[in-house]
Structures are given as C-alpha cells and as structure tokens.
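Hi,

Here is the model I promised to pass on.

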Amino acid sequence: NLEEHGGVLYLTDRHLRFTSHPFNYGTTDWVAALSDITAVEPTRTVGGLVPNGIRLDVAEGDEKLVTTWERDEWCEAIQERLSA
C-alpha cells in the first residue's frame, strides 16, 4: 500500500515505482529514481503495533510510507540497489 491505496511495488535498476490497483478509490502512481532515495527504514504502522512499514526519504524532503508484509525483504532489496 501507498497512501492507503493497494497496489504493486516495482524495483528496477533505476527506479522504485508504485502502481495502484485499478479498483481503488482514486489511483496513486508514484515513481522515484533510486538516486533520489536518501533513506530506507523499516517502521511499524497502526500506532507502532504492526511491523509492515517502509519509510522512504526522497530528495527534496519528500517522505513516503509503503506498507507490505515483506517489509524486510523489500528494505534489503532497495538497500542493495542503492549500494550498487
């Protein structure tokens, strides 16, 4: 999820992209160049109870919260791409 919209997260060698499902109320498509991502941090959602969040700091002070049950795997994959 991104901003309470369900969808799919994609990681390429250049971008991190979120595309919402077509049946959401409203759509949210978001993309960030990996070079613009300054921090990736696992976090908890729902008042700090659920370990399913990823906080992304993006260039120019933008912050995104992605929720996924594969939080640790996604954090590791994004960090690996940032280090490459």
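**A negative patch, then the strands**

Glu-70, Glu-73, Glu-76 and Glu-80 form a negative surface patch. A patch here is built from residues with over 30% relative accessible area and no salt bridge, where like charges are joined within 9 Å and nonpolar side chains (Val, Leu, Ile, Met, Phe, Trp, Tyr) within 5 Å. Asp and Glu count as negative and Lys and Arg as positive, while His and the chain ends are not counted. The place of a charge is NZ of Lys, CZ of Arg, CG of Asp or CD of Glu. Accessible areas come from Shrake-Rupley with a 1.4 Å probe, and for residues only the protein chains shown count as cover. One of the patch members, Glu-76, lies in helix H1, residues 71–83.

Before you dig in, some ground rules: this is a predicted model, so local features need pLDDT of at least 70 and side-chain atom pairs count only at pLDDT 80 or more, while totals for chains, interfaces and linings use all residues. Residues are numbered from 1 along each chain as its sequence is written, and side-chain values use heavy atoms, with hydrogens and water left out.

**Strands and hairpins**

Helices (H or I, at least four residues) and strands (E, at least two) are DSSP runs numbered from the N terminus, and two strands pair if DSSP finds at least two bridges between them.

Tyr-10 sits opposite Arg-17 in S2, and the hairpin from S1 to S2 passes through 3 residues.

Further along, S4 (residues 37–45) runs antiparallel to S5 (residues 50–58), and 7 bridges join them. If you want a landmark in that pair, Ile-37 has Val-58 in S5 as its bridge partner. S5 also pairs with S6 (residues 62–67), again in the antiparallel sense, over 6 bridges. There, Gly-53 is opposite Thr-67 in S6.

The one between S4 and S5 has 4 residues between the strands, and Val-46 takes a positive phi near 50°. The one between S5 and S6 has 3 residues between the strands, with Glu-60 at a positive phi near 70°. Why flag these? Most residues other than glycine have a negative phi. Val-46 is not a glycine, yet its phi is positive, at about 50°. Val-46 lies in the loop between S4 and S5 and is exposed, with a relative accessible area of 59%. For the labels, buried means under 20% relative accessible area, exposed over 50%, and partly exposed in between (1.4 Å probe, protein chains only).

**Salt bridges**

I called a salt bridge whenever a side-chain nitrogen of Lys or Arg is within 4 Å of a carboxyl oxygen of Asp or Glu. That rule gives 4 salt bridges.

Arg-55 and Glu-41 make one of them, at 2.7 Å from N to O. This pair ties together distant parts of the chain, with Arg-55 in S5 and Glu-41 in S4, 14 residues apart. Glu-41 is partly exposed, at 37% relative accessibility. Arg-55 also bridges to Asp-57, where the closest N and O atoms are 2.5 Å apart. Asp-57 counts as buried, at 18%. Put together, Glu-41, Arg-55, Asp-57 and Glu-63 are linked in a salt-bridge network.

Arg-71 and Asp-72 form another salt bridge, with 3.3 Å between the closest N and O atoms. Arg-71 is buried at 14% relative accessibility, whereas Asp-72 is partly exposed at 48%.

**A few C-alpha distances**

Which residues are handy for a quick distance check? Thr-45 and Val-66 are 21 residues apart in sequence and 9.8 Å apart, C-alpha to C-alpha. Thr-45 is in S4 and is buried at 12%, while Val-66 is in S6 and is buried at 3%. Val-66 and Thr-43 are separated by 23 residues in sequence and by 9.6 Å between C-alphas.

Pro-22 is exposed, at 72% relative accessible area, and its C-alpha is 9.2 Å from that of Gly-6, 16 residues away in sequence.

Cheers
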